[in-house]
Structure formats: structure tokens, C-alpha cells
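Have the viewer open as you read.

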Amino acid sequence: GPPERGLNSWPDLTVSTRATGPTMTVFVWTDHPTTAVRAFDPTGAGDAFAGAYLGAMLKGRPDPVDEGLRVASTIIRGPGAAPLIERLPRSAGVVRDVDAPDPGSVVVDFDRTRSVASALKRSATHSSLPFSGTPFPEQGDPYAIELLALATLHQYGFWKGSDHGYDGPMWTSIDGIRRKGSDFIWHAFTRTAAADPTVLDPLRLAAEPLLFDQICLDDNGVCPVPDTGSHRALQQQYGAAIDQLGGIRSIIDRANASPDAVASLLESLAEIPGYGEDPLAKKANLLALILVNRPERFLRLDRSGSIAPIIDYHIMRTMLRTGCVKVEDSGLLETLGSRAWVPAADESAIRHAARDAILVLCDDSGLDVGAVDGFLFGLGRSVCLETEPPGCDVCPLEAACARKIDLFQPIFRTTAY
């Protein structure tokens, strides 16, 4: 190398000792800070690091050491190889447990997904949401972080069930405007916190089981949210946990001080009731996306791809109807078409396949999770509807879509989405 460059400026260096002589390899030490995680089983950490390092290096990624550290920190958080097996695409054909359905019965249709990705590239470039302004807290709201974290905790289950299965989406009026479930929650929490910020106090959340009901009153003076009992329980458990951790701002500050802010936040949320139970961490990744996308940029985004797909029932429905996720079991197809309750194993298979399909869509379109998720979420609430015929004639994906409009998201009650 040029003599004016010091040895420490090179990650590694091959120096010729003389014009025709042998070469000497000089290795230079570099520092790679890590984030502490709760270890369950250290077995395989070294192999996981080596495999991830080599894979990242062969793909030409700029940070193979950091990739190795990230994967090693993942595998030690569960028994054996389970934490990494859980992240394998369903197309890998790995049976995760005895209750899992036939891994070939729900698959990603890669040809269809490539076609949809091309349409997304034209339509979804600017679809990532800013999460600011009605029904979200305005930019500069002094309690925005606390409000966003608490309201995201309650982003699940906005539909009514019957003995058969699905019985319709949740709609209600609040402050004279008819809103669907997710928007209702955002508006209710934003409105109440503006009038009384103490509803965001972790001690109140932990001590007052009916606080959720008081926050979420519609124009009829009732709380219309289905499965209210689970919301009350999560509110109290979340409040107690957040209080012990010094508040959500402290958690985010620690994340921003770490080498990878998003990864650090997700690791912290994995230990918090209401966020940590979901294997696909829908609400945790949603909160990370919100904090990254807000005008205040509450959370630093260090590398693309660190926010995982946010898989809710709108995403599953659009993945099934477009054909990106293909169900090859006739019994499951009938259950989905009739909107009946599905077993946990079938719901898990569809949801994981939807996650894998979104990852393919991101890779093939060049768009990030925020853009793809924002577009499909909006599509599922405005075009590819639950209770009305889908507006295929105005859908930007119409040319690429399989039009399996008889299919529906799996009907499964959970606090995850």
C-alpha cells in the first residue's frame, strides 16, 4: 500500500517483502462492539458466527463480522439450533415441532412473488408511513414516545368472532368519526393522553386494570374492543415491566447508544409482556418502524433489513389472495374460504409463509419493509377488503395478482396481531 497510509488503516494487508520473493500476510485487529443478550444455551455460538461471517463475506456485505456477531447472539437465546431454525423459510422443509403441518402444504410461490414484486416496485416506493398527525400524536408531542409504545402494545384482534369463526371487523365512532379498530386505538390513546398524560404513567398502568376501558370509550360511552380482558392484563403487565426498566425512554436511549439501535430495542422488547410473546415479533417490529419513521427519528436505523416483516391479518390476506402464499391442502383451503377457526399449526404455517414472501418481495423489489408493509396494509384496508368484494379493477397489483379472492386470513385469536 502507499507509504503515507498507516498499517492500521487496512482491515488486512498482503505485503511483498521484495519484488520476486514470497508474500507475508499481516492481520490487523479491529474492534466490533456487541450488545448483551440473555443467554439460554451457548452451544453452537462459534459455528453460528463462522457460518454467518462466511456467508456475509461471500455475498460481499460490508460488515461480515457484525453479521457473525448478530447470528451468534441469536442462537444462544434458545436451546440448540432452535432460534436459527425458527428463522428458516418454510420452503426449507424443516419440521419445527410435532404439531407442525406438512411443510409442503403452505409454500411461497416464488414465480408469483417475483411478478408481484415488479408491480410493487412501481407502486409502493413511497408507501412507508410517517406515523404522525391524526390519528397519531403530532410531531413534537412531548409524550409521543410513551403514547406510541403503549398504543402499539394494543394493536391486535380488531375483529369479532362467533362459534363458527369470523363475524366481522371492528368499526365504531369516536369524536364523530367512524373508525376501524387500529385507527380507533390510535385516536383514543392520542385523545386521552392529550387531556391527561398520566394515563401513560407505568404505575397507573400497573395499578388500574380498567384504565384501558376508560381510554377506549367510543361515542356511545362503551369500550368496543373485542377480547378486552387480554388488553387489561397486558396493560398491567406492561406497566409493571416498564416501571422496573426505568421507562420506555430509557430503553430507547440505551438502544440508540448501542452499535445497532433496532436490534437492541427488539432484544429489550422481547422481555416485555405484550411484545415478547410473538415469535415473529409483529408489534415489536412495528414499534421499531414507527420510531424510525417518525419525523423526530426517535430510533436510529443502522442497517437496512434490521426491521423484520410486520405480519398481521391484512398482510396474510393479501399474500394469500395474490398467490404469493400458496395453500395446497384442500381442507385448509375450505376452512380459509369459509372463514372458520383454524388450528394453531395452520395459522403458524400461513403466517410464517407470509413472512417469507414479504422478505422475497423486499429483495426482488429493492424496497424496505416499511414501504412494502405500508403498501400492503393500506391495500388490505382500502381495496382488498374483508367484508366487501375486492376492488380488483383499481388495484395496482391487478396484473400480477392470482385473484384468489375467495381466500381469507386465518381466523385465530391471538394478542400478537
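## The second largest pocket

The second largest pocket holds about 370 Å³ of space. A pocket here is an open set of points on a 1 Å grid over the protein atoms alone, where a 1.4 Å probe fits and protein lies on both sides within 12 Å along at least five of seven lines; lining residues have an atom within 4 Å of a point. Points are joined across faces, edges and corners, and the volume is the space filled by probe spheres set on them.

This is a predicted model, so local features need pLDDT of at least 70 and side-chain atom pairs pLDDT 80 or more, while totals for chains, interfaces and linings use all residues. Residues are numbered from 1 along each chain as its sequence is written, and side-chain values use heavy atoms, leaving out hydrogens and water.

The lining has 23 residues, with Q155, S182, W186, D312 and F377 nearest the pocket's centre. α6 (181–195), α12 (282–293), α13 (313–322) and α16 (369–382) each give two or more residues to it. Helices are DSSP runs (H or I, at least four residues), numbered from the N terminus.

## R294, tucked in a loop

R294 sits in the loop between α12 and α13. R294 counts as buried because its relative accessibility is 0% (the cut-off is under 20%, with a 1.4 Å probe and protein chains only).

The R294 side chain makes a polar contact with the side chain of E296 at 2.8 Å, and one of its polar atoms lies 3.0 Å from the backbone oxygen of E138. A polar contact is a pair of N or O atoms within 3.5 Å, one able to donate a hydrogen and the other to accept it; sequence neighbours count only if both atoms are side-chain atoms.

## Both ends of α14

Where α14 (residues 330–338) starts, a side-chain oxygen of D329 comes within 3.1 Å of the backbone nitrogen of G331. After α14 comes R339, with a positive phi near 60 degrees.

Technical notes:
Buried means under 20% relative accessible area, exposed over 50%, partly exposed in between (1.4 Å probe, protein chains only).
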